[in-house]
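Hello,

Here is the structure I promised to pass on.

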Amino acid sequence: MAAADGTGTAAAGGTGTREVTATVERMGFFTDTSVCIGCKACEVACKEWNAIPEDGMELTGMSYDNTQGLGASTWRHVAFIEQSKPVVPKEHPGQHQHQGDGAQSPQGEGPQDDADVFALAAQGSGSSELRWLMSSDVCKHCTHAACLDVCPTGSLFRTEFGTVVVQEDICNGCGYCVPACPYGVIEQRPDDGRAFKCTLCYDRLGEGQTPACAKACPTESIQYGPLDELRERAADRVEELHRAGVPDARLYGHDPDDGVGGDGAFFLLLDEPEVYGLPPDPVVTTRDLPAMWKQAGAAALTLLGGLAAAFATSGKPKTTRGSFTRRRP
Amino acid sequence: MTTAPLNGGKRRRKRRGEQTVVPDAEFTSYYGKPILNTPEWKPLNIGGYFFLGGLAGAGSLLAAGATATQRPVMARSMKITSTVAIAGSAAALIHDLGKPARFANMLRVLKPTSPMSVGSWLLAAYGPLAGAAAVSDLTGVLPRAGHAATAGAALLGPAVATYTAVLASDTAAPAWHDGYRELPFVFAGSATAAAAGTALLTAPLRENRPARHAALFGAGLEAAATHRLESRLGIVAETYRKGLAGRLMRSAKVLTAAGALAGAAAGGRNRGLAAMSGAALLAGSVCTRLGVFHAGRAALADPKYTVVPQRERLRAREAAQATMATPSTDHNHAPPTEPT
């Protein structure tokens, strides 16, 4: 299964192998924000590979963030959060360690024995030092994707890699997917009306390539691969960070039992999700759709009953003028 | 990162140096930016779509009732109203797509998980029936088929009037999604008020009694459902009370109540008063639909309505789980602080 190994090796063996990709494992992203350095290489690579138009040229004053959020023309967005919050809480005195230490030895090469340098550095600034969180956000490629569910045309579909993609030639610009997304990812382009979002580089995946953002990431903050493998790797990484004295480290979107059935693109965060502009407990809206139809049915019957009563209590008109109409059968 | 008090507009309130426990009325967001995205829906297109669909659907029921009880003027006016309204509703939807040719893709599939797909097919079935009923009535051609079409449109009418509530509810917009229990009843009541209003406007005094009764029923249903909606939504109910949505919802309440009561009191004796109460009912229904639309927009635009209810839900779930086992990864809930 060459296309599934996620290391960028091209699918070996021509068309026969291409058929096999129909049964490949589910692919996804694990974005480990603890090693993100805010370089925005992912944003640029995504723009270039997918030929995404300009998304506004403004200086927002939101730290280094000038793209502000995901949208029709921003498929990777790097968030910058400046906090006057101690990197390591006071309950963990002996373990002062810089949160970015993972960058020194990415992918977990055993315990962090070189922590003393960072401990010394941290002691200098006391308990009120600034910490700077960076995180590259992307479409979550939900297991239960509301955008896909509510799309009336079938333009949004699930690929053989388990990702969610818009077919632009079928999208009719109704915009229903936009408020349906619990993460605020998909959006319409104002001049065009159709909806656009991350495709997880569907065109690259088919060729056994790594998505552009993951390929461009210099710290392996964005990791691409089979979802099961990524989940294991992420669990190890969180444990490693907890051991290293970063108790705030937590996974987001990794749980198959959450409101969207787990995300195909999940994250390791160092604070609450809403700090990064992510919903703390997203739920796929269509989970309640059967209940909604039931309510609408009850309301429709109420309407029918109410109007039947309105006629029943009104009798015949005061003066009848012959039989203009016949009673319907 | 921004901490904002729940009830105030001051999003960047300074909390420097405070190390107290975060009060419940605080939430955190990313520079106050919305979490959810807002569609490029024009208020008049989508609010109008809701309103016209309701007017058409409930109108078909009045048309059938008027036909069955020998109220020919009311029957004819309601058949015409329903046809014009459903055509206008479809036009509003198509106009909102930007390029009319794109509408064809709407009927490419039938997807039960998409209320918009179901609704498009519903309109495709209902529209011709409503039209046939009107044409047959106006021309006298094929009276049997006309009656069958009238009955068919009346059967689909309640669905046409209420499915738009599901359309709105089946989104992540808290004001719409969280109100999925009440919104269909709000829409059913508002649709009835609009159709009864049209009947009061167009039907002679001799025929308008059912319309007056229907107006009372619709106004009562809408008022009760709206009250329940607002009392059940917690903090999200603010979106129905504040700003443009709040003004529209209040106007709707006054117009609908005044229209229904005035119609009931004097609509049977005074043609002018009947027409005025009918116009008030129609205006009230327009306000309700636009109010619901703008409440949803307000809920999409403010991260508060996404974060606070979800946090409450999480807290409740964690409290329930805590009784079963002590959590191993209990995160340190340090108070949110300001960016420097």
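A word on confidence before anything else: pLDDT is the predictor's confidence in each residue, on a scale from 0 to 100. What you have is a predicted model, in which local features need pLDDT of at least 70 and side-chain atom pairs count only at pLDDT 80 or more, while totals for chains, interfaces and linings use all residues. Residues are numbered from 1 along each chain as its sequence is written, and chains are lettered from A and ligands numbered from 1 in the order in which they are written.

**Confidence**

The predictor assigns the complex an ipTM of 0.88 and a pTM of 0.85. Chain A has an average pLDDT of 84, with 76% of the residues scoring at least 70. For chain B the mean pLDDT is 90, and 88% of the residues reach 70 or more.

I count two residues as in contact if their C-beta atoms, placed from the backbone, lie within 7 Å. In chain A, residues 1-22 stay under 50 in pLDDT, and the model gives them 36 contacts beyond four places in sequence. Residues 320-329 of chain A are also below 50, with 14 contacts beyond near neighbours in sequence. In chain B, pLDDT stays under 50 over residues 1-24, which have 44 contacts beyond four places in sequence. Residues 327-340 of chain B stay under 50 too, and have 33 such contacts.

**Where the chains meet**

Which element of chain B gives the most to the side that touches chain A? Across the two chains, 87 residues of chain B are in contact with 78 residues of chain A. Helix α4(B) gives the most to this side of chain B, with 11 residues. Helices here are DSSP runs of H or I with at least four residues, strands are runs of E with at least two, and both are numbered from the N terminus. By class, this side of chain B has 43 nonpolar, 29 polar and 15 charged residues. The classes are Ala, Val, Leu, Ile, Met, Phe, Trp, Tyr, Cys and Pro as nonpolar, Asp, Glu, Lys and Arg as charged, and the others, Gly among them, as polar.

One helix pair spans the two chains: the axes of α9(A) (residues 289-312) and α6(B) come within 8 Å and cross at roughly 30 degrees. Axes are lines fitted to C-alpha atoms, for helices over the stretch in contact, and angles run from 0 to 180 degrees between N-to-C directions. The two helices, α9(A) and α6(B), are therefore roughly parallel to each other. For reference, angles under 35 degrees count as roughly parallel, over 145 as roughly antiparallel, 65 to 115 as roughly perpendicular and the rest as oblique. The crossing of α9(A) with α6(B) is right-handed; a crossing is left-handed if the near helix is turned anticlockwise from the far one by less than a right angle, and right-handed if clockwise. Among the residues that meet are A:Gln295, A:Ala299 and A:Leu303 in α9(A), and B:Phe185 and B:Ala188 in α6(B). This contact divides into nine nonpolar, four polar and no charged residues.

**Inside chain B**

Helices α1(B) and α4(B) pack at about 150 degrees with their axes 7 Å apart, which makes α1(B) roughly antiparallel to α4(B). Their crossing is left-handed. Residues meeting there include B:Phe50, B:Gly53 and B:Gly57 from α1(B) and B:Ala154, B:Gly157 and B:Pro158 from α4(B). The contact of α1(B) with α4(B) has 12 nonpolar, eight polar and no charged residues.

Helices α9(B) (residues 243-266) and α10(B) (residues 271-301) pack at about 155 degrees, with axes 7 Å apart. That makes α9(B) roughly antiparallel to α10(B). Their contact holds 20 nonpolar, 11 polar and no charged residues.

Best wishes
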